[in-house]
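Q: How does one read burial, strand pairing and helix packing from a structure? Please go through the features one at a time.

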Amino acid sequence: MLAVRAPEYFPRLDYAAAMLFADRFVLADTYQYVRQSYQNRTTMRNPDGWQWVTVPLKGRQHGLPNNAVRIRQVRSWRKRHWKAFAYNYRKAPYFEHYEDRLRAFFECPRELLVDLVIASVELVHDCLGLRAALVRASELPGHPAAAADILRALRPGTLLVTPETAALDAPLARNAMVLCFDHPTYRQTFDGFEPGMTTLDLLFNYGPETTEMLRRASRLLPYSEQSGTRLVSAADLKTDA
């Protein structure tokens with residue numbers, strides 16, 4: 001099963017769930033960069049609720065392909081991001097287990113946004129122990145920049161889509177499954193609950209339980225049966241993860 005998503009900076013839970021169920025996961029780094037998206041920012045818990053952490057970019061980047069967008073080398077921005085994670089998650093039960101990998105991520109300088117963001121996706125993928133093969137669209141023959149072209153290059157048996165993109169993407173494949181993700185409510189580092197945080201938020205609080213929590217929050221619906229009520233239980237679906 002193939003999934004295609006634009007890279008997200010320390011991706012959210014629904015993104016991680018797609019990596020969990022896919023056999024191959026295409027990081028669509030040839031797609032157009034979109035301002036005010038999750039392509040160069042993420043959200044984390046803090047004592048006041050939540051906050052953005054945003055990668056600074058050089059000007060006039062909107063409309064460029066992701067793999068051409070350049071980071072603005074503002075002094076100490078990587079240090080500030082690291083400190084934000086360390087300050088807000090230091091007391092989380094499993095932060096220390098992943099701390100060295102996260103610190104090493106921020107110690108590595110990068111010029112292109114895509115290299116940074118894909119490294120963040122790979123970090124989440126590895127911390128979760130997932131087995132999906134991660135593939136950059138820019139490394140495929142012809143460097144395809146549209147979903148239809150990516151599918152022609154890879155010819156998947158089944159395409160994994162989101163409810164938001166199903167109508168556009170599912171007809172491009174022979175078979176398609178819709179990943180319906182019911183965001184779980186869980187214990188966070190601070191009082192209250194804020195949805196939509198980076199996957200690291202769940203990982204720092206639940207460690208090895210995270211993958212099973214993602215599985216339980218997921219339902220898979222054959223695209224051709226969206227008008228019906230039968231759902232495929234994610235727990236019953238065989239995966240490599």
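**Reading a predicted model**

A: Thr 43 is buried, since its relative accessible area is 3%; buried means under 20% relative accessible area, exposed over 50% and partly exposed in between, with a 1.4 Å probe and protein chains only. This is a predicted model, in which local features need pLDDT of at least 70 and side-chain atom pairs count only at pLDDT 80 or more, while totals for chains, interfaces and linings use all residues. Residues are numbered from 1 along each chain as its sequence is written, and side-chain values use heavy atoms, with hydrogens and water left out.

Q: Where is Thr 43 placed, and which residues does Thr 43 touch?

A: Thr 43 belongs to strand S3; helices (H or I, at least four residues) and strands (E, at least two) are DSSP runs, numbered from the N terminus. Contact means heavy atoms within 4.5 Å. Not counting residues up to four places away in sequence, Thr 43 touches Trp 50, Gln 51, Trp 52, Gly 196, Met 197 and Thr 198. Thr 43 and Gly 207 are 164 residues apart along the chain, and their C-alpha atoms are separated by 19 Å.

Q: How is strand pairing read, and in which sense do S1 and S2 pair?

A: Two strands pair if DSSP finds at least two bridges between them. Strand S1 (residues 2–5) pairs with S2 in the parallel sense, over 4 bridges. The chain goes from S1 through H1 to S2 in a right-handed β-α-β crossover. A crossover is right-handed if, with the strands pointing away from the viewer, the path from the first strand over the helix to the second runs clockwise.

Q: Which residue of S5 stands opposite Val 26?

A: Val 135 in S5 is the residue opposite Val 26. S2 and S5 also pair in the parallel sense, over 4 bridges.

Q: How can the length of a helix be checked, with H4 as the case?

A: The expected span of a helix is 1.5 Å times one less than its number of residues. Helix H4 (residues 113–127) has 15 residues and should span 21 Å, and its end C-alpha atoms are 21 Å apart, so the two agree. After H4 comes Gly 129, with a positive phi near 70°.

Q: How many residues of H4 are buried, and what covers them?

A: H4 is mostly covered, with 12 of its 15 residues buried. Among them are Leu 116, Ala 119, Leu 123 and His 125. The cover includes helix H1 (13–21), strand S2 (24–27), helix H2 (77–89), helix H3 (95–107), strand S5 (133–136) and helix H7 (199–206).

Q: Is H7 described as covered or uncovered?

A: H7 is mostly covered: 8 of its 8 residues are buried. The buried residues of H7 pack against H1, strand S3 (41–46), H2, H3, H4 and helix H8 (210–216). Gly 207 follows H7 and has a positive phi near 55°.

Q: How is helix packing described, and at what angle do H3 and H7 pack?

A: Two packed helices are described by the angle between their axes and the distance between the axes. Axes are lines fitted to C-alpha atoms, for helices over the stretch in contact, and angles run from 0 to 180 degrees between N-to-C directions. H3 and H7 pack at an angle of about 135°, with their axes 8 Å apart. H3 is therefore oblique to H7; angles under 35 degrees count as roughly parallel, over 145 as roughly antiparallel, 65 to 115 as roughly perpendicular and the rest as oblique. Phe 95, Tyr 98 and Leu 102 in H3 meet Leu 200, Leu 203 and Phe 204 in H7.

Q: At what angle do the axes of H3 and H4 cross?

A: The axes of H3 and H4 cross at roughly 170° and come within 11 Å. H3 and H4 are therefore roughly antiparallel to each other.
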